[in-house]
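Me: Can we go through this one together? I'll paste it here and ask as I go.
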Amino acid sequence: RADIKMQYKQLRVWDLKLSDAGIYTCEYGPQKVRTSLHILKLTISSDGHFLQNEVPELILMQNSSSPLPDLSITLFDSNNNRVTPELQNKSRQKYIVNLKKLEAMDSGTWVCQVHSDSPLINQNISFAVKVLGFQNPDLERKYATVDSTVIFSWRLNSQIIKWKEGFTGQLNWKQQESASTHELLDFNVTAQGQLHETKKSSNFLFEIPERKPESTIEVKLPKVHFNHSGQYQCQLEYQGRHVQSEIELVVMKVSANPVGPLSRGANMTLTCQVSGPLPPNAYLRWERVNGTKMDSKNSKQHEVKLEVNINAAGLWSCHLIEDSNIKISFHYHVEEAPVWINYVIIGTSVGGSLLALVLGCLCIISGISWQRRRQRAKRMAQARQYLLENKTCQCQQ
């Protein structure tokens, strides 16, 4: 690992090790020159390959022929921002520090600045950090209405950081945190960033979109049902470690009671319901399009169902509002019953009343007749009894 360039009186040593530290003497005739070589070695855990939210460990070691100096360490991330590490162990020979939890944007070249006053050391050691993770927000929520189409998308940064080793993962779905998990698909990404997916679920109607950017995991629900709500979790695995990103799906549905056209003077109840709990800054709102303030109603905090009693036809809308922004709307058109239907209903009501009156009269007449027949039979029975008790015998010549 060394050679000598006699022309320049140079000794070249490559692939330095800690054991190479010490005093080197150059003898040229009667002249002797001594040089002290101080070796610094910086290593990073996992060979610089991390998953999101992991905490790297840096180890800085030094070796010298003279007493080892007290070093100060300053770190700068890939955006040249100063990072304050957590010092776990410190000795003159070995320094162990932990960095912050990594995010996908932390990928890049970091710098470890080493300083000492005696002997004077100002050394910058650069090292690569590659963080494999999701570019999605930490908390992502999607809203959909029943029978609509929704696409879940998880964006990976494997191509951006040029991840040279393959990793695997899976996409799961569960309705609640404590519910059982259903595996929807498996995937793996090659060193070239090519994505291979295998559909696992046979009883869940979803699709894998064909056209999508590289290193993007997508799932398409072409017709959302109310029970499709819940948590969709995409999980990465690399060398036995895991990282995941969740998207919560909230589904809205609207129903009417009674169903059908609204007759004049009648009432109808419209119900708007969402499938999961809403954040504190979200609420439901019913309103009639082009209506007045009297035609609107807001839900209370944490309510997932909102009912409104209406007596006016038209287009009614249920909005899910979060931070004063409408996230999703469900429009329900209440038709007004035709005039002839109103006449039919009125006629039916009048006819029904008359029929009830006639039936009532017939019942009364039948009751009176039955009562009279009963009284007549009773009188005849009494007469027969009287004749039997007072019968006489008459002889006639």
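Me: Starting with Cys318: buried or exposed?
Reply: Cys318 counts as buried, because its relative accessibility is 0%. Keep in mind that this is a predicted model.

Me: What does Cys318 form with Cys272?
Reply: Cys272 and Cys318 form a disulfide, with their sulfur atoms 2.0 Å apart.

Me: Remind me, what is a disulfide?
Reply: A covalent bond between the sulfur atoms of two cysteines.

Me: How many are there here?
Reply: The count comes to 1 disulfide.

Me: And which hand does the link of Cys272 and Cys318 have?
Reply: The link is left-handed, with -80° about the S-S bond.

Me: Where in the chain do the two cysteines sit?
Reply: In distant parts of the chain: Cys272 is in strand S22 (residues 268-274) and Cys318 is in strand S26, 46 residues apart.

Me: Is Cys272 buried or exposed?
Reply: Cys272 is buried, since its relative accessible area is 0% and the cut-off for buried is under 20%.

Me: What about Cys26 and Cys234?
Reply: Cys26 is partly exposed, at a relative accessible area of 38%. Cys234 is buried, at 0%.

Me: Back to S26. Which strand does S26 pair with over 9 bridges?
Reply: Strand S26 (residues 314-322) pairs with S27 over 9 bridges, in the antiparallel sense. In that pairing, Gly314 stands opposite Val334 in S27.

Me: What order do the strands of that sheet come in?
Reply: The order is S24-S23-S26-S27, 4 strands in an open sheet with antiparallel pairing. Strand S24 (296-298) and strand S27 (325-334) are the edge strands, each pairing on one side only. On average, neighbouring strands of this sheet are turned by 15° against each other, direction ignored.

Me: Now the sheet with 5 strands. What is its order?
Reply: This open sheet runs S6-S13-S12-S8-S9, and the pairing is mixed.

Me: Why is one side of S6 and S9 left without a neighbour?
Reply: Strand S6 (49-51) and strand S9 (82-83) stand at the edges and each has a single partner strand, so one side of each has no neighbour in the sheet.

Me: How many bridges join S12 to S13?
Reply: Strand S12 (residues 108-116) is joined to strand S13 (residues 121-132) by 9 bridges, and the two run antiparallel. Val114 stands opposite Gln123 in S13.

Me: New topic, the largest nonpolar core. Which residues touch the most other members?
Reply: Of the 32 residues in this core, those are Phe152, Trp154, Phe167, Leu221, Tyr232, Leu236 and Leu249. The elements giving two or more residues to this core include strand S15 (150-155), strand S16 (167-174) and strand S20 (230-238). There is also a second, separate core of 23 residues, which includes Met268, Trp316, Cys318 and Val334.

Me: Last one, Leu156. Where is it found?
Reply: Leu156 is in the loop between S15 and S16. Leu156 is buried, because its relative accessible area is 5%.

Me: How far apart are Leu156 and Ile217?
Reply: In sequence they are 61 residues apart, and in space 7.9 Å, C-alpha to C-alpha. Leu156 touches Ile217, and its other contacts include Phe134, Phe167 and Leu236.

Key
Residues numbered from 1 in each chain as written. Predicted model: local features only at pLDDT ≥ 70, side-chain atom pairs only at ≥ 80, totals over all residues. Heavy atoms only, no water. Core = buried A, V, L, I, M, F, W, Y, C linked by side-chain atoms within 4.5 Å. Buried < 20%, exposed > 50% of the residue type's maximum accessible area, 1.4 Å probe, protein only. Pairing = 2+ DSSP bridges. Axes fitted to C-alpha atoms, helices over the stretch in contact; angles between N-to-C directions. Disulfide = S-S within 2.5 Å. Contact = heavy atoms within 4.5 Å. Lists of a residue's contacts leave out its neighbours within four places in sequence.
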